[in-house]
Structure formats: C-alpha cells, structure tokens
Amino acid sequence: MTTNATAIAHTNIALIKYWGKRDVKLNLPTTSSLSLTLDEYYTKTTVEEGPEDKLYINELPQDSKRVHQFLDVLRAEMGDFPPLTVISINKVPLSAGLASSASSFAALTAAVAKFNGWDLSNEELSRLARRGSGSATRSFFPDFAIWEKGEDDKTSYAHHIDVPDLPIALVVCKIAGTVKKVSSSDGMVRAQTSPNYQSWVDESAKQLEEMKAALEAKDLEKVGQLAEANALSMHDLNLTAEDQRFTYFNQNTMKVLDAIKALRAEGYLAYATMDAGPNVKIITNQEQAPAIKEALAEQFRKIQFDIATPGPGISYE
C-alpha cells in the first residue's frame, strides 16, 4: 500500500445510450451501451490516507456522502482499507450532461486500486466503478467502448472495441454549465414510467448492433444517424413519462438542433447527440469540425463551442 495514488480518466459520450436500471442498488442497466471517450475532458483524482473519507473537487470541500458510500462498496467487495481523502481536479462542467460522474468515478476507482495494490484488469475495474456511476464503466478504455448490460453483477462491465483510423470528432455546444434540476438517476426512474420505455429498450438493442456494424465499416454518416435517433428517442421518454414528465432541453438546445438540421441541408456531416443535460454534441469528422464550430459560433455568440476528439483510457501518475 502506498501513501497516495493518482489516476486520470476521461469522460465518455454514449452514442448508444444508457438510460434506465433494472437493479438500482447494483447499477445494472436495462440496455447495453456504446460510447466514445473524449480527449478534452477529464478528471484527475488523488487519494491519500486521512482520518475519514473526505472529498475535495477543484480544491473545494464537497459533500462526501456519495463517495463514502462508494468507498464502502469497494471495502465490502475487496477488503477493508483506511479512510481516504479524495482530491479531484475536474476538467468537466459538473451535472450538465458532459459525463463528469463517469470520469470522476473511473478515476476514483483506479486511484483506490493503485493505493491498495489491487492487481485488476480494466474490465474488472470497470465492473467496480459501475457501482458509483454506470457510465464510469466506459471511461477506462480509449476511443470506443461497449458496456455490456450482462446478466448480473459479475457480468455487467465494459470493454474496448477497436476502430482504428476513424476520423470522428465532436463539436461540443456548451449551452449551460449549471447543475441540472433533474439528476440523471432521478431522470432514469421517471423515464422508465413512459409507456414507450420497453419499445425504446428493444430498439436500442437493434441500434447497438447497427452501430457496431457502422463503426466496423467506418461509415461516419451511419454512426451519426444512429446516435441522433437513439438520443432523440431517449429524450422523448422524458417527455412521455407518466411520473413527472420533464425535459433537459432549453430554448437554445432546440435552436442548436434546428441549426444542425440546416447544416446537414448544406451538405455538412452533422448529427446531434445529447445526454442528461441541455448541451448538444455534434458528431462529424475532423475535417469539417472547425467549419461547423465557426458557423455555429457566428450564429450563437453566447454559447461556447469546443472540438473534442477520441481520447485515451485510464492512466496513472
């Protein structure tokens, strides 16, 4: 056991979404999902022995309840270890649909494993991280990853899929960086009350297989079409929930979605995906990304636009 350990994990954006749980305690999903890890957004987490489990994010003390509960899950699974001070530098807007919890819990899991000297594969770490954040399963792997829904706790984890030389890029539209009113966990519970939920689950399974084929064929247009269809249908569940329907979209979200359609009409490769928040990510290629960013920045002067490219898997310092 070392005195401290540091790990770095990057965010991932699901192209085929995770939106709903069949087991809340174990974070077992209703569907398998497929994601792209991003180079531009990441979390760097250091753990060191302390008098009690504590959390600091960007040098500010935070409510440590969720982290403490997760560390206790790791203790029950892997054996006891001392209380930890968790010091996290987060280069992602929090709670705004840019997968901050994914990179945070992946980095935390990896740092704790290194601190305790656990000899675990990334797939095994992925399974453990799932208990903190489902999407964290996918942040251990570079580029593309699939989180298999599995049959139980032991079989629900992510793995890398190799798609070499695919020039994919995302134009990230930072419409809002504030904390969302409906958390992802609460949103999933509500969405599962939609009368359309089971048909979404069935369609998502088909879209996953089609997405794998599109990636193998390096068909970026098909990748974009599938991702946009999957994301929009996910957000439709929120609007049709029988228990407290809601939306993560705001007026600027809708305006950007309309602008993406206009870009496609002009001949651009541009498809939208959105997670649990108002921010829009535009799937395109690396050649067209700068022109799309420039066109949208001219149209929406109060929105920040970034270009994100495929990112690395978990790393250590």
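In the predicted model, Glu59 is situated in the loop that connects β5 (54-57) with β6 (60-62). Most residues other than glycine have a negative phi. Glu59 counts as exposed because its relative accessibility, 71%, lies above the 50% cut-off.

A second residue of this kind occurs in the loop between β9 (158-161) and β10 (168-174), where Asp165 is placed. Asp165 is not a glycine, yet its phi is positive, at about 60°. With a relative accessible area of 73%, Asp165 is likewise exposed.

Helix α2 spans residues 100-116 and comprises 17 residues. The distance from its first C-alpha to its last is 24 Å, close to the 24 Å expected at 1.5 Å a residue. Of the 17 residues of α2, 15 are buried, so the helix is largely enclosed by the rest of the structure. Gly117 follows α2 and has a positive phi, near 70°.

One cavity of 30 Å³ or more is present in the structure, and the largest cavity holds about 30 Å³ of space. Its lining is formed by Val73, Glu77, Arg127, Leu128, Arg131 and Asp153. Helices α1 (65-78) and α3 (122-129) each contribute at least two residues to this lining. By residue class, the lining of the largest cavity contains four charged and two nonpolar residues, with no polar ones.

Key:
Residues are numbered from 1 along each chain as its sequence is written. This is a predicted model: local features need pLDDT of at least 70, side-chain atom pairs count only at pLDDT 80 or more; totals for chains, interfaces and linings use all residues. Side-chain values use heavy atoms; hydrogens and water are left out. Helices (H or I, at least four residues) and strands (E, at least two) are DSSP runs, numbered from the N terminus. Buried means under 20% relative accessible area, exposed over 50%, partly exposed in between (1.4 Å probe, protein chains only). The expected span of a helix is 1.5 Å times one less than its number of residues. On a 1 Å grid over the protein atoms alone, a cavity is a set of points where a 1.4 Å probe fits but cannot get out, and a pocket is an open set with protein on both sides within 12 Å along at least five of seven lines; lining residues have an atom within 4 Å of a point. Grid points are joined across faces, edges and corners, and a volume is the space filled by probe spheres set on the points. Ala, Val, Leu, Ile, Met, Phe, Trp, Tyr, Cys and Pro count as nonpolar, Asp, Glu, Lys and Arg as charged, and the others, Gly among them, as polar.
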